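Thanks for making time this morning. I would like to walk you through one structure, so please have the sequence and the 3D view open while I talk.

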Amino acid sequence: MLLGEQEQFLSYNGEVLIFQLSKPKHVEGAADKTMNLCVRRMVFNRDTKLFVQKSSGVFSMRASRLKIEIICCSCTTDSRTGIILPCVLMKKKKNNVVKYLLLLLHSSNQFEQSFHFKLDYELKEDIRLFTGPSVLWRHANKLFYISCDTCTVLSAPVQLSSVVWTGEIEDEGTVVLGIRTACLPGSEDEDEFSTSDRAIWGSEFFGYAIETQKMLTGTCFMPHAYSRVVSSAYVCKNEILKKQLRISLVAITHKNQLIWFQDGLPKGVCELPYEKPCSVKTAVTSSNDLLFIVTFASGNICVVQRRDSLQVASKWQKVKSVLVDDFIGSGSEQLLLLFKDDSNTDVLSTFKITDLGEVNYAVSINNKHDVPAAEGLQENSLLTVQALETRLQAGWTSVRDLQQHLELKKRVILESCRALIDLVEERTHILPTAKEVKCKREYRSLLNFAEPFEGLVSLWDDVENPPHSLSKETSLASKVPEHFIEKLWQRVVGDSLVVGVKLTGSFYLSMSDMSLSLVVDQGFSSISPIIECRNKIIKLNKAASALAVSSCQIEPPPKKMKLDLHRKNDVKKEFAKRCSRVQLDGEKTVIAVTSLSPLLAFHRVCCIVLLHAKKQKHRNNSLRESKKITVLCGKILLSLEDISNGKHSVKMLRDNSYCTGSMEDILAVLAVSVRFSFQIVSSDCTLTPVNSWLLGEMECTPFKECHDNVFCHKAGNMYGTVFNWTLKNPFVGVLTLFCRNLTVLFQCLHSLTRVLPPSCDVKFLKSGSKGVLTEQLALALEKEMLTLRSSFFSEESKAENSLTWGKEPGKKISDVPVASLLDGEEGVQQFRKKLQNEREESVLSMNRTMNGALYQEIALKIAEAQLISDMIVWRLS
């Protein structure tokens, strides 16, 4: 190659890099001792449809009596930074000594010399650049490589005839896929490859990991039978599935074929249009098509598409170079074809950018270079359309089946909700007959509605006598006194509807695990009757001015598996229910919060409010037996007109330094808020600035109902936040906030930190005070120990009393003088018999059993005690 004609093309981040060797301009009288490696960065301009120069750089080398050449260039990863950079391998030859130089090109167009090495021969076969940067080559059927880390030429312990691919494999690093002579029987690799491959084919594939110096079986890439014909390959995808290496690759052969391999097996083959294929690489287009670009020794190019089968999509002749990158900035890859043009010295004067789809830019390309696409593409397109139509029809059938299934589920839910409403209102629910269902189905079919053919049937065993089956439930509901419900109210806070049920003082004595349900009245049959809502139980003790909120939240996983064998409930559900249980000692209200906007779509909605609870009673002075009950609390009417007039709005006004909100208004604000507690400790000064901050900057006023809780009237996001400030001593206090979201919380904390002394320590409390939780943990652990001891010792004494000592009445051996029994033969026999009886009784005492009911009772008591202690430990952590 003549000087000045040496040029290499490389694509990098959508740019075209052109590397050229040139001599500086000759100055008369000066010796010509330097050589310049020039690089030009070219970018595509979509307006002019031409490549323009973005920037350039130069690297000067001494060239006195040296022959300098560009060997190859590629984009590799710099191991120091993990950034992919362009690399250029240069050769300097002087006499019989050959020196090689590897250069890195940075974004500033500055060249960096990575490393250099000397050889007594020239690199000619299978030269590859890979991560490091590193250089790999083949010489005399041996594999050599050098990296920037070692700067020393290393030799791999393998013999090979050719290298078909070099790249990265998951969990293996850089891997070289090559071909070598099959190992003979009796060698150290005897068990690695099959005897048939060695005997028949004579050569085999193998993989060699550079970093780990590990040999990989070649059959995971392709069968050894192809080793005689494959000249180059490209790994498209590799991954580890179920501890096995899965490989997808494409290979070209000396027989002008392109073959697709999946997990070592051939999946498709395509005849190539030209002879002597050299290399293959891939491109992914905007339509997500995978293209295989094959280059030939004659300078021709063809593109193979992989859809239902491999087929040649397009081909070109007289191509100087082909690059793959996103040249137009569309987010997908395109092909850049640089054509040979002897009439123009500019390398980018004749080119074509295409993705075989919508993208198609061409400059100065003779039409004779473009060859029509492979025959049969039109027929294949028709077959593809027909296949897509078939898949579309199958998808439509699946959608119809799914619609029918959802319709059936909706009917079952609606009928179940109607049965629930009838049960609460003490009415007898009658299921529709098969005739009614059939008439309804025929009517809907006339309206072109998809309707399943299944009718609704009862799932209970006593379907023949429905009034009797419902009488038990209605009698249970009637046993609950109506005076337990003191008041039913509703409030609107933002986009939430808050419904509260105030309970009387005697309700909590026998009830726990309470929750509310909102059921839409039967007049709205087009929507689901059950309204999704979240429940909270709030207590307010006016005497102590203490406020507590308990809500269902995500609890930690238990350290031990707790069993509820008596109620046979799911353990996780039991945890979620226990979190809503509180010890009510003042006014108590159960609250349900739901989204308001879905209900307002119907302008006017009537909802039934149901209270669910568990009534517990003690059995045998130990085990608590629970029974689920449902109490009808009443109905609420919700209309868009009332909400627009502010009928159910929360009213928090100032009146003589107090907040005039009613008890229901306070509870509604707390119900839609999230509670956060912080412990504030000051070692240098008192915490008086906190109270001044609440009443001053935050514009808070206390509630008349409970003075320790203050309402924020400050305009903006923080309006409506409730604070509770409790001082344990002048230097330690607990601040509790009830705010709408985390944004409001962060704003409040940011404002607080500006008034606190710098030495203050603010610590987030998961739930409650640490001292109180510690005391509760001690009591819970004591109760757990007492439960364990009382359960086992009481049952042990019961079991001992239930045993029958001796098979016949009489005294024990210890109660009878031994000498009197041993006087005669009859006495000896009697002594022997009594001794045998006592041995049997001793064995029975060591193998006492316990019936299932007794074990369930003990396990339930222990599990309940352990759950309480585990929960307190989590709150303390």
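Let me begin with helix H9, whose buried residues are covered by elements that include strand E42 (700-702), strand E44 (722-729), strand E45 (732-739) and helix H10 (742-753). Helices (H or I, at least four residues) and strands (E, at least two) are DSSP runs, numbered from the N terminus. This is a predicted model, in which local features need pLDDT of at least 70 and side-chain atom pairs count only at pLDDT 80 or more, while totals for chains, interfaces and linings use all residues. Residues are numbered from 1 along each chain as its sequence is written, and side-chain values use heavy atoms, with hydrogens and water left out.

Within H9 (residues 688-695), Val690, Trp693 and Leu694 are buried, meaning under 20% relative accessible area with a 1.4 Å probe, protein chains only. Looking down the axis of H9, these buried residues fall within an arc of 95°, so they line one face of the helix; the arc is that of the directions from the helix axis to the C-beta atoms.

Turning to the cores, the largest nonpolar core has 39 residues, and those with the most contacts inside it are Phe19, Leu37, Met90 and Trp137. Such a core is a set of buried Ala, Val, Leu, Ile, Met, Phe, Trp, Tyr and Cys residues joined through side-chain atoms within 4.5 Å. Its largest share, 7 residues, comes from strand E7 (residues 97-105). Beyond its neighbours within four places in sequence, leucine 37 has contacts (heavy atoms within 4.5 Å) with residues including Phe19, Met90, Leu103 and Phe111.

Notes
Buried < 20%, exposed > 50% of the residue type's maximum accessible area, 1.4 Å probe, protein only.
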